[in-house]
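This briefing goes through selected features of one protein structure, topic by topic. Look at the sequence and the model first, then read the points below.

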Amino acid sequence: MNVGRGWMNDRGTRGGDFRAHSPGRMTEGSKKRWRLAIFAVAFVIRIAAIGFHGPEDVAFGDARDYLATASHLCREREYPDHGNLPFFRAPALPFFIAATTLCHPERVVVVKLALAAVDSGTALIIGEIAWLLFESSGAAAIAALLAALYPFFIFGVVDVRTEPLFMFFLTLAIWGFFRALRGDNARAALLSGVAFALAALTRPSGLAAAAFAGITLLFARGIRRPRWAETSALAAGVVIVLLPWIARNALRYHEVILVNDAAGFNFWRGSHPEMDRIARIEDATEYRRAALTFETELTSRVARAIATPGRSPQERSRAWLAAGLANISQDPAEAMRFAGRKAWRYWCPWLNPKEHGKVAVVGSGGFNTLLYTLAAIGLACHLKRDRFVTCWVIGYFLIIWLAHIPLQVVMRFRIPFTDPLLIAFAAIAIVHFMRPSPPHLQPVA
């Protein structure tokens, strides 16, 4: 498989493609124009959504803290020790805000437009992943257009959130990983490692994806033929990006902190039985009141007890971890049932009805169910052609799913991990449905 070429193939169709639904024979110039058109469509739609929502409006709970962190960074020339929660934020989004606004974080519309541009780029990368996996320009075009029009991606840029930036880096990392896997390409593996590290600096859960990619790349040829060159390149990319931040944390706190000190707090929050009780409240008003009480009263009270003078960030994180384990030890059987409910919520296809209207809940349920179905068909179609990649995607979904269960689980935490690949596999399923007589696909060597 030639992985060095883009998804608008000059020769028209290949492997899993079909002429009636592909962009056809294209020059290098027309390929660039097609990519630019998809990017423009995605960007214009996101600008319209930002305008409708309010260019300067900030409603998302953590948004003001990211803006405040960026403001502190610009004003004091140092990264703050904590924000509105008892840990310091992962640094990538605050640095991104500072850079894109030229140290004027109060220009919220600039932040939103920058995130919209990044998210539009993600649509193109999803198209590249589809081309790389399926060698189908039709699937690549459909995947890129689906991502450009995808409502959950669009909704992610109307406020200041980590999702667009995190998903861009993570999707780029997966594209680099697939290139390294296909072509024994150390440079692609290095790019993948760099992108995984940038994703982790945006949201620490990216470390789990990087670890899974590294281990599976090493043994992609089997346990007796480890791929040391590509795996070393991927690891080097992760280290190159993370090391300066780790060194900064070591100098400031005299501790090894890979990204931030939020792990213990997130585990405590995700394991607290009150979070389970709140999630099961049916009345929307009572639900919001209980959630606010948890944030403003219970969390603050425990934080004051844990944040004793002299405690370092890692000591505080370990104290939160101990408090989380105490949550579980109170009733282990109920904690297991709580974990099971969180496991369902991770894949639940509809939005939370206590936070969204009936139309949004029903629409999201139908949309996600269709996406899951098409992606499952796409995975099944791809299994005979490339068993390793298909099993890798399923294993990746499983590992990331399990990694989230001990923490708080909401749909927006899942989307950056799963939906870019779900869209790519849904696209090849659509291609198969549109093809009158599918050709025989040769297995990938």
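I215, F219 and I223 make up a nonpolar patch on the surface, and together they have about 320 Å² of accessible area. This is a predicted model, in which local features need pLDDT of at least 70 and side-chain atom pairs count only at pLDDT 80 or more, while totals for chains, interfaces and linings use all residues. Residues are numbered from 1 along each chain as its sequence is written, and side-chain values use heavy atoms, with hydrogens and water left out.

**The surface patch**

- A patch is made of residues with over 30% relative accessible area and no salt bridge; nonpolar side chains (Val, Leu, Ile, Met, Phe, Trp, Tyr) are joined within 5 Å, and like charges within 9 Å.
- Accessible areas come from the Shrake-Rupley method with a 1.4 Å probe, and for residues only the protein chains shown count as cover.
- I223 sits in the loop between α9 (206-218) and α10; helices here are DSSP runs (H or I, at least four residues), numbered from the N terminus.
- I223 has a relative accessible area of 67%, so it is exposed (exposed means over 50%, buried under 20%, and partly exposed in between, with a 1.4 Å probe and protein chains only).

**Nonpolar cores**

- A nonpolar core is a set of buried Ala, Val, Leu, Ile, Met, Phe, Trp, Tyr and Cys residues joined through side-chain atoms within 4.5 Å.
- The largest core has 106 residues, and those that touch the most other members are I129, L170, F178, F196, V393 and Y396.
- Helix α4 (residues 108-134) supplies the largest share of this core, with 15 residues.
- Another core lies apart from it and has 19 residues, including W268, M275, Y287 and I306.
- Not counting residues up to four places away in sequence, F196 touches L170, A173, I174, G206, A209, A210, A213 and V238 (contact means heavy atoms within 4.5 Å).

**Two buried polar residues**

- S271 belongs to helix α11 (residues 263-271) and has a relative accessible area of 8%, so it is buried.
- A polar atom of the S271 side chain lies 2.9 Å from the backbone oxygen of F267.
- Beyond its neighbours within four places in sequence, S271 is in contact with G324, N327, I328, F338, K342 and P406.
- T231 is in helix α10 (residues 228-253) and is buried, at a relative accessible area of 14%.
- The T231 side chain reaches the backbone nitrogen of L218 at 3.2 Å.

**Salt bridges**

- Side chains of opposite charge can pair when their charged atoms come close.
- The structure holds 23 salt bridges (a side-chain nitrogen of Lys or Arg within 4 Å of a carboxyl oxygen of Asp or Glu).
- R385 pairs with E135, with the closest N and O atoms 3.1 Å apart.
- R385 is in the loop between α16 (358-383) and α17 (387-404) and E135 is in the loop between α4 and α5 (137-149), so this pair ties together parts that are 250 residues apart in sequence.
- R385 is buried at 8% relative accessibility, and E135 is buried at 8%.
- E286 and R289 form a salt bridge with the closest N and O atoms 2.7 Å apart.
- Both E286 and R289 lie in helix α13 (residues 284-306), three residues apart, about one turn of the helix.
- E286 is partly exposed at 28%, and R289 is partly exposed at 45%.

Note on methods:
A polar contact is a pair of N or O atoms within 3.5 Å; within protein, one must be able to donate a hydrogen and the other to accept it, and residues adjacent in sequence count only if both atoms are side-chain atoms.
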